[in-house]
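Here is a short tour of this structure, taken chain by chain. Keep the 3D view open as you read.

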Amino acid sequence: MARQTVRLRQIKSHWPLYLLLLPALGLIATFMYLPAATGILHSFYRWDGDELATYIGADNFTKAFTDPTIRHAFAVVGILFVANLFKMIPSIITAVVIHRVISDKARYVYRLLFVVPMVIPGMVVLLIWKFFYNPVVGLLNSFLTATHLLDLFVKANAWLVNVHLADKAIFMADRSPAWLGDSSLVIPALIFWGFPWIGIIGVLIYLSGLEKIPKSVYECADLDGVGWFRKFVYIELPLIATQVRINLVLLIIGVLSDYGLMLVLLDSSGGPGGAAMVPGLYMYYNAFMKREAGYACAIGILLFFIILALTFINNKFVRVEK
Amino acid sequence: MLSLWENLRKYPALLLLVLVFAASCVVVAVNAYRGAGGAVGQERKKVLRIAHWQLEQGIRNAIDQLIADYEKLHPDVEVRQILIPETGYFQWVNTQLIGRTAPDMIEVGSGGTVGWALWPKFYARYFLPLDRYVDEPNPYNKGTALEKVPWRKTYFDEMDGGYEETLQSYYRIPLSAFTERLYYNKDLVEEVWGPTFPTTYEEFLEMCRKLAEYGKKNHRRLVPIAGSGYNFRQFFNAYRTAFTADYLDPLDVDWNGVVSRIESAGPIYSGRVKLTETPIRANFELVRELSEFFPQGYTSLSRDEAVFLFLQGNAAMITTGSWDYESLGVQSEFHLAVTEIPLPSKSNPRYGSYVAGPQTEAGIHGGFPIGVTKMSRNAEVALDFLQYATSLKKNEEVNRAMYWLPVIKGAEPRDELRPFAPHTEGYSASIEYEGPGAEMAYAQISIEYLSGKLSYEEFVDQFMRAYHREVPAGIQDVLRNDEQTLNQEMRFAAIRRAALTSAPGATAVATGDSAAQYKRIMEAYVAQVGVRDSDIRDWTDNARLAEQPAGQSGR
Amino acid sequence: MRLAKLSVFAIVVAAVLALGCGSKHDSGSLDALLAEGWQAYSTGDFDFAAECFRGVEATQATADQTYSAILGLATVYHLQSNPDFGKAREYYALLASLDTQNARKQSALGLARVDLAEGKDADGQSKLTAVMRDYPDSMEADEAAIHLAESLFAPRADESKPGGFGVAGEASMQRGLKLLEDRLSARPGNPLASAMHMMLANKYIELKTFDKAVENLLAAEKDGIAVERLRSVVVWRIARISELQLKDYGLAERYYQRYVHDFGRTELYYRALKSLERVRALTAKENGQSSAPQQNEGA
Amino acid sequence: MSRTSESPLARWLKHGYLWIMLALVFLPFYVMLVVSFKDNKQFSNHPWAPTWPLHWENWIVGWNTVGVCIANSIFIAVLTTVITLCVAVLAAYVFGRYKVPFADLLWAAILVLMLMPGVANLIPLFNLMRGLHLLNSLVGLCIVSAAGGQIVCLYILRNFIEDMPKEFFECARIDGASHLQQIIHVVIPQCGGIISTLAILNFVGAWNSFILPLIAIRDPEKLPLAVGLYQLQGAYVKQWGPLMAAYFISAVPLVVLFAFTMRFFIRGISEGAIKG
């Protein structure tokens with residue numbers, strides 16, 4: 001800690017420091033805290049987003065707790081969250097594999113190559129995926145048809161219906177599945193979205209953690225005849241645990257508050273039958289479609305507290321073992 | 001300064017960035033300047049913005065041409081188009097209305113059920129009521145036969161498409177009209193079938209068979225009819241109207257010429273009308289026959305996917321509206337032709353005796369409706385522009401350019417659009433199978449029938465079971481909605497009554513002549529109450545009938 | 001220090017924003033506020049409307065303004081989507097204490113209708129009768145007649161009956177019909193006469209007394225119907241009923257002809273045209289025997 | 001990390017895995033490139049293989065549709081990044097070097113915001129922007145984005161400044177440098193790596209920002225790329241060729257940016273990850 005303490009009585013000589021803080025704090029106060037405050041305030045109002053606001057107490061919150069759509073939305077987000085936990089794995093594996101490549105030069109080249117796709121703007125990635133899922137011209141259906149995987153799906157589906165594990169046929173012979181247009185396929189499509197799920201920032205962060213492992217550790221392990229998997233579990237995984245945790249926090253915030261994906265791939269009503277409605281999107285839908293901005297604010301606040309709680313739990317219980 | 005330059009040279013990326021940024025600043029500044037109505041060496045212009053969701057290039061160009069003509073006439077005005085895709089349109093308009101950044105003119109009326117409920121509120125709050133303009137003649141009609149005719153009366157539908165019933169006021173100015181037709185790939189049809197398109201259903205079916213065979217023989221992914229659930233409905237409705245037109249008199253117990261949802265639900269529920277009756281059965285069996293020629297799984301295809309199939313020559317036909325004529329015409333590499341959905345001929349042994357005639361289009365209203373926002377700084381100019389756009393000459397011109405149907409009396413559409421002229425000869429739909437509350441069941445079970453999984457008897461049996469389960473509650477829902485409409489009518493009647501007793505404030509809000517409006521509202525109210533009472537009486541009669549054991553139900 | 005100031009600033013701004021709609025009360029004149037209230041009411045924003053009206057009611061306003069405000073409040077509570085009949089009754093009663101004829105008439109009509117809306121049919125009906133008795137020549141009495149008849153005719157939700165409704169009995173139907181007919185003969189030219197005739201016609205159709213129904217439809221049409229669409233329905237009904245029920249082909253022909261001429265842009269146009277041809281053929285056959293189409297067995 | 005022994009099988013497995021992943025990751029590039037040269041007919045018949053003739057005109061159409069958006073996006077991204085970093089560096093300097101009264105409180109107030117989902121704020125923020133007349137204004141958009149973006153920057157930069165040797169600042173102070181001069185001559189050169197990495201991250205973030213411009217910008221000539229592309233794909237009958245060309249073109253500015261800064265960026269992320 002090289003920080004120099006300035007006491008209150010010294011403030012006369014150090015006031016310019018506050019001047020340096022002013023732009024940052026000013027922006028934060030105006031564009032973060034002020035909206036948050038009015039948002040909290042308006043969550044107690046029936047507000048249409050425009051000038052019409054009536055105080056209704058906690059009605060918005062009671063409504064939110066009984067609203068089946070919200071329950072559904074949180075269920076969807078829960079599924080997506082769990083799926084995203086698994087979607088972290090390819091990044092970790094990729095980082096470890098790159099790390100285990102022996103030649104320094106090759107390692108660097110791989111890193112560069114994996115960074116390149118980052119230049120595709122996010123919107124383009126979304127739209128390309130939407131294009132992949134297109135039932136008529138999409139790549140996914142062409143692939144499934146060409147490899148006869150679709151027939152397999154159809155058979156599996158029929159079997160599941162026969163043994164009463166599934167109640168309806170989702171895949172049918174000679175019929176292209178409408179990934180984003182079928183209420184039972186939307187969630188799987190959203191989970192599959194982004195395959196092979198390699199986030200380059202994540203990979204780079206894991207790599208920087210892995211690089212701290214001293215060579216001697218590997219040498220010892222080799223001498224003891226430790227296999228590749230145990231190396232991964234006992235040497236590599238613990239060292240990137242911190243980074244994994246950081247990513248987990250980012251993931252929680254990201255998954256819970258993101259809805260741009262659904263907005264672009266589906267639309268503001270959450271796709272067929274509202275199957276992919278998530279809380280963020282529901283908030284957006286209420287505010288800008290249905291004009292229930294007060295209710296939307298209440299949903300936003302609920303969301304905030306849930307994120308806060310999950311982050312807290314994560315910090316508390318997902319311990320890093322040194 | 002020099003050192004900065006030296007520094008920059010050391011970092012070519014930074015240098016590049018600075019240069020690109022400078023360029024982008026210029027672009028942004030120029031756009032901002034022009035957006036505010038500025039132009040080099042001229043006075044500030046009044047900028048009007050018009051937002052709509054007609055993204056097709058041809059439509060855009062036609063409106064640009066209209067704007068250019070208008071600007072020539074009014075050099076101090078600049079009109080700009082804002083094009084927003086239909087999917088996000090309602091949300092966009094909503095946002096702009098809240099943000100007070102809404103453009104001067106907005107195409108209104110999208111947004112599905114949510115939008116349907118909110119538009120009346122938007123009109124009342126953000127849009128200019130146009131009652132006092134629509135009864136004045138359109139100044140741009142000077143020198144034509146319509147010179148002294150009130151603006152409203154220059155419309156083919158007397159501007160019914162601009163009238164907002166819930167507010168009993170005019171809020172929209174329609175620019176075009178639309179009808180729906182069967183489009184076909186002329187080259188393909190001629191190659192496989194012959195030069196004349198089938199005029200009867202029998203020939204049509206034969207042609208579909210030939211097309212399917214042709215596709216199989218040439219190993220092409222060819223389907224006769226490009227269909228999505230949306231396109232399929234158009235076929236279904238056409239045949240339903242044709243087969244069941246004679247149900248009007250037996251079902252229309254209140255004699256108002258319309259079979260309401262309850263009027264058709266009651267008899268089906270009680271069994272007075274059975275789905276196994278021959279015309280209805282014929283209707284379903286015909287459509288079942290036809291659905292063989294739709295793509296597999298068409299119910300889950302979307303509209304633009306069906307259009308894509310058609311445009312690529314992988315489908316020979318598609319049903320869609322006249323609004324697609326231009327974009328289909330431009331993008332297709334084959335000859336495009338338009339016709340009616342063919343009906344079975346009278347001599348058809350299975351269907352012939354039930355066919356009344358085609359579906360009528362006499363009741364269509366003007367579409368592409370534009371509203372003027374209250375927050376517009378140049379509302380008068382915007383209205384002037386709309387008057388210009390709906391003058392006899394210009395409405396004809398712009399619609400010719402868009403390949404759409406004009407809305408002004410005497411304006412001539414393009415010759416190619418002749419097949420789209422709304423035919424007043426025909427029948428209105430006279431029965432509804434779905435039944436209030438049973439729509440979901442109908443959708444699911446009818447698809448199973450159409451895809452061949454159920455026989456007709458199984459379909460009717462399953463559907464009627466669902467019908468008896470769902471419809472009583474559905475009818476209660478319909479009636480509850482009716483109550484809300486009635487309540488709404490009374491709400492407006494109350495303002496008018498307040499205005500008639502000269503209550504301050506109410507007079508300011510009420511547009512037009514309050515006494516006349518009050519009379520209108522009360523008449524509309526009485527008519528609706530009449531329909532409701534009659535519907536309920538009919539429903540209870542049928543419900544009583546349904547409770548009686550079979551055999552006693554003859555009346 | 002700064003944090004404290006900032007938070008104070010934030011709270012102040014938040015408060016100003018939150019009260020933004022409320023604080024407008026001082027900005028405009030009371031008339032503007034009333035207009036805003038009625039505007040909000042017409043767009044369905046009842047809470048805001050009520051707030052505006054309450055703002056006027058609480059201040060020293062002119063008699064007219066107070067009238068408008070109280071009437072507004074009563075109307076809002078009465079007709080909003082989730083009505084508060086208690087408050088509506090309270091404000092309608094308050095309206096009666098204002099010393100103008102208009103206010104008292106509105107109050108009486110309003111109180112009666114609140115009773116009806118609450119399901120107190122007998123109370124509401126007797127109050128409506130009182131309105132018609134006390135202010136016989138007023139617009140409110142005309143409306144009262146319509147609501148009274150409506151309430152006599154209206155079916156009631158009734159779980160025990162088939163279909164969940166009990167329809168109005170013979171006695172109350174006759175009472176309603178008589179009431180409307182009396183009103184029409186007492187004040188034949190009233191602005192709601194056409195509506196009353198249509199109402200009578202509806203009921204006679206329900207009762208299958210088709211000659212009376214056509215009589216009233218003709219009267220309604222003569223009185224002038226403001227809504228074009230309704231006029232088309234009336235013309236259609238006259239023609240159709242006289243063709244299929246009364247077998248009065250001359251009348252049917254006249255009205256089919258009128259329909260074809262006036263309503264070329266409605267969905268029934270082609271049917272009317274076809275029926276016109278049919279009716280003409282029938283009259284041409286002279287004393288048209290019983291060869292009319294037998295399609296009306298279900299009606 | 002080279003190790004002494006490695007079986008050829010393991011080697012091939014590793015490289016094979018990486019190449020498959022790379023192929024999948026690069027698939028969108030391939031699709032964009034191949035489809036962008038097709039007209040709809042070619043696309044319908046041979047969707048995934050190159051076809052001749054190449055339709056170069058698709059690229060012209062693509063450029064015409066997204067050119068303005070690219071200019072707007074560059075403007076927004078650069079301005080947002082500059083504002084964000086200027087503001088963040090100033091504040092990070094104070095938080096990293098000094099412990100002024102209320103510093104901890106302010107710091108906590110800032111950190112909480114890292115947890116605040118932007119969505120919760122969206123509607124009131126929109127109304128605030130309306131009140132401040134920042135709607136439909138690119139500069140307004142930049143300021144609002146910068147307000148949100150600076151928080152993470154502030155957090156990371158503070159860690160770096162805290163860890164800098166005290167002597168650097170002492171020397172500068174003795175030379176009579178003011179706070180601002182210390183920032184320019186000490187902080188920026190010393191933290192150059194992490195600052196440029198943050199700049200890139202912010203740039204990419206602003207380049208991709210979607211929801212806020214979607215609701216805040218009205219005029220088509222002011223739309224940034226993400227919204228422009230979103231609206232482009234809503235067209236009723238899609239022309240896939242020009243659409244893909246437009247997608248590809250919209251990636252070009254970032255390609256150029258990354259071509260120059262890739263090394264920086266990889267290093268910066270690694271450093272940041274270790275400290276953060």
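Predicted model: local features only at pLDDT ≥ 70, side-chain atom pairs only at ≥ 80, totals over all residues.

## A helix end in chain A

A:His164 follows H9(A) and has a positive phi, near 60 degrees.

## Chain C in outline

Of its 299 residues, 48% count as buried.

## Domains of chain B

The domain assignment of chain B gives domain 1 (44-178 + 365-420), domain 2 (183-358) and domain 3 (469-547). How far apart do the C-alpha centres of domain 2 and domain 3 of chain B lie? The separation is 37 Å. The contact between these two domains takes 14 residues from domain 2 of chain B and 13 residues from domain 3 of chain B. On the domain 2 side, the residues that touch domain 3 divide into 5 nonpolar, 5 polar and 4 charged.

## A mixed sheet in chain B

Chain B also has an open sheet of 4 strands, in the order E8-E9-E7-E10, with mixed pairing. Why is one side of E8 and of E10 left without a neighbour in the sheet? Strand E8 (223-225) and strand E10 (336-339) of chain B stand at the edges, each with a single partner strand, so one side of each has no neighbour there. On average, neighbouring strands of this sheet are turned by 30 degrees against each other, direction ignored.

Within the sheet, strand E7 (residues 180-185) and strand E9 (residues 315-321) of chain B pair in the antiparallel sense over 5 bridges. To locate one of the pairings, look for B:Glu180, whose bridge partner in E9(B) is B:Gly321.

## Where chain D meets chain B

Finally, 28 residues of chain D are in contact with 32 residues of chain B. On the chain D side, the elements giving two or more residues are helix H2 (40-45), helix H3 (57-97), helix H5 (118-131) and helix H12 (240-275). H3(D) provides the largest share, 6 residues.

As for composition, the chain D residues that touch chain B divide into 14 nonpolar, 7 polar and 7 charged.

Conventions. Residues numbered from 1 in each chain as written. Chains lettered and ligands numbered in written order. Contact = placed C-beta atoms within 7 Å. Nonpolar A, V, L, I, M, F, W, Y, C, P; charged D, E, K, R; others polar. Domains from an automatic or database assignment. Buried ≥ 20, exposed ≤ 12 C-beta atoms within 10 Å, placed from the backbone. Pairing = 2+ DSSP bridges. Axes fitted to C-alpha atoms, helices over the stretch in contact; angles between N-to-C directions.
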